[in-house]
Amino acid sequence: MKILILGAGQVGGTLAENLANEANDITVIDSDSARLRELQDRLDIRTMHGRASYPTVLRQAGAEDADMVIAVTNSDETNMVACQVSKLLYKTPTTICRVRANAYLAKSELFYRRDMDKDLDSLRGFPIDVLISPEHLVTKHITRLIEYPGTLQVLEFSKGLVRLVAIRATKGGPLVGHELSYLRTHMPKIDTRVAAIFRKDRAIMPQGDTVIEDGDEVFFIAASDHIRSVMSELQPLSKPYKRIFICGGGNIGYRLANTLESRYQVKILERDHDRCVMLSERLRKTVVLEGNAADKDILLEENIENTDVFCAVTNDDEANIMASLLAKRLGARKVLTLINNPDYVDLIQGGDIDVAISPQQTTIGSLLTHVRRGDVVNVHSLRRGAAEAIEAIAHGDHRSSKVVGKRLDEINLPPGTTIGAIVRHNEVLIAHDHIRVQPDDHVILFLVDKTRIRDVEKLFQVGLTFF
């Protein structure tokens, strides 16, 4: 595909790296020439210096024959105008736009999927095909971690019917020290599949005789109703969380408090007085505190030692890290920390900080959903982009498709790829060799080796005989 990426920041750069490695024709536009040079030195891409919303810049970058424009600059206004220019002047088939401000997102009538056959006069709002809100995605990600105590990542497929969960195996879990086959005998009524195991950052493709060790990062897939039962096999089940402390009252902090306050006891700490006033007016049950999270006295006054989850979600990585370390030392049970700089994530996760949350990786998965070939409806980036989970729909028949009509053990999967589950007419079928893929099945796959993504996409592309 020929793709224009507008914005060379963390998200734009990470996306360019993902897509360039998959043999796409990528052009990145940005007004920061130093950042463009840095990307061009590392990646096989074209770059264009200039304002991403200017028609002349877009045309020179190749917008006239681009398959897709992905606008992820730091300016919502630039992103929206660039998508409008691309669609109106250059008839770009797909425009994807990142919008962060709630003031825009709250007005859905601002965004309109333009029918290219209509007159220009009929256009109402910005013609954006896919709208992405990082704050919304990060809020959902953190909410799921709070709903399932002890998890490292919780991913949804098929409208929540199936979930893929990453969890750290620890002593005391019945399965730890045993072969995977023990799980079926120990829990005969619960069907699950372990998609991958990461041991000291090395991927292990699980077999029935694979022994789970203490410290393994285990990815398993199961129907949503069975998640807690499977978790209890891998670590002693944690008590449900009750008390949540949020550090930072920005967009993510506000969204998170608003989402959680009906089910949990929530406190939010914000430095800015005016922002505190706004939060106290809009939030119904949340306790709003004014102050600095690096102030030990404030945390002690608010009984941080009794807090179940401390979420640091300010815009400052260093402030998030320091506040999280302080909260953990003072007795917070679990610490979730928002980290924008990807270089920090691997350094801090797993020590005093339980889970480092990368907005870039959360956003990348959502963007990749719309880039993947074949009928791919969900993509999740895992382990800082090293692995990927996708949900693809099988089309065609046994003559035109490489998967339809075949048993799972007959499908020629690329190395490092496993099928975890199939969703058929809202029924969850955990992957077993005897199951045959039928048309319109939603197939959920786990890829340890992302360089094989093209091979997986080809499996789900329908041959010409279908037409």
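Residues are numbered from 1 along each chain as its sequence is written, and side-chain values use heavy atoms, with hydrogens and water left out. Because this is a predicted model, local features need pLDDT of at least 70 and side-chain atom pairs count only at pLDDT 80 or more, while totals for chains, interfaces and linings use all residues.

**View 1. L4 in strand β1.** Start with L4, which is found in strand β1 (residues 2–6); helices (H or I, at least four residues) and strands (E, at least two) are DSSP runs, numbered from the N terminus. L4 has 0% relative accessibility and so counts as buried, a word used for under 20% relative accessible area with a 1.4 Å probe and protein chains only. Leaving aside residues up to four places away in sequence, L4 touches T27, L58, A61, G62, A63, A66, M68, V69 and I70, where contact means heavy atoms within 4.5 Å. L4 and T27 are 23 residues apart in sequence, yet their C-alpha atoms are 5.0 Å apart in space.

View 2. Look for V28, whose bridge partner in β3 is T47. Together with helix α2 (residues 33–42), β2 and β3 make a right-handed unit: with the strands pointing away from the viewer, the path from the first strand over the helix to the second runs clockwise.

**View 3. An open sheet of 5 strands.** Follow the order β7-β8-β11-β9-β10, with antiparallel pairing. β7 (151–157) and β10 (202–204) stand at the edges with a single partner strand each, so one side of each has no neighbour in the sheet. β7 pairs with β8 (residues 162–168) over 6 bridges, and F157 has V162 as its bridge partner in β8.

**View 4. Helix α6 against helix α14.** Here the axes of α6 (residues 134–147) and α14 (residues 359–369) come within 9 Å and cross at roughly 105°; axes are lines fitted to C-alpha atoms, for helices over the stretch in contact, and angles run from 0 to 180 degrees between N-to-C directions. The two helices are therefore roughly perpendicular to each other, the term for 65 to 115 degrees. On the α6 side, P134, L137, V138 and H141 make the contact, and on the α14 side, P359, T362, T363 and S366.

Terms used. Angles under 35 degrees count as roughly parallel, over 145 as roughly antiparallel, 65 to 115 as roughly perpendicular and the rest as oblique. Two strands pair if DSSP finds at least two bridges between them. Buried means under 20% relative accessible area, exposed over 50%, partly exposed in between (1.4 Å probe, protein chains only).
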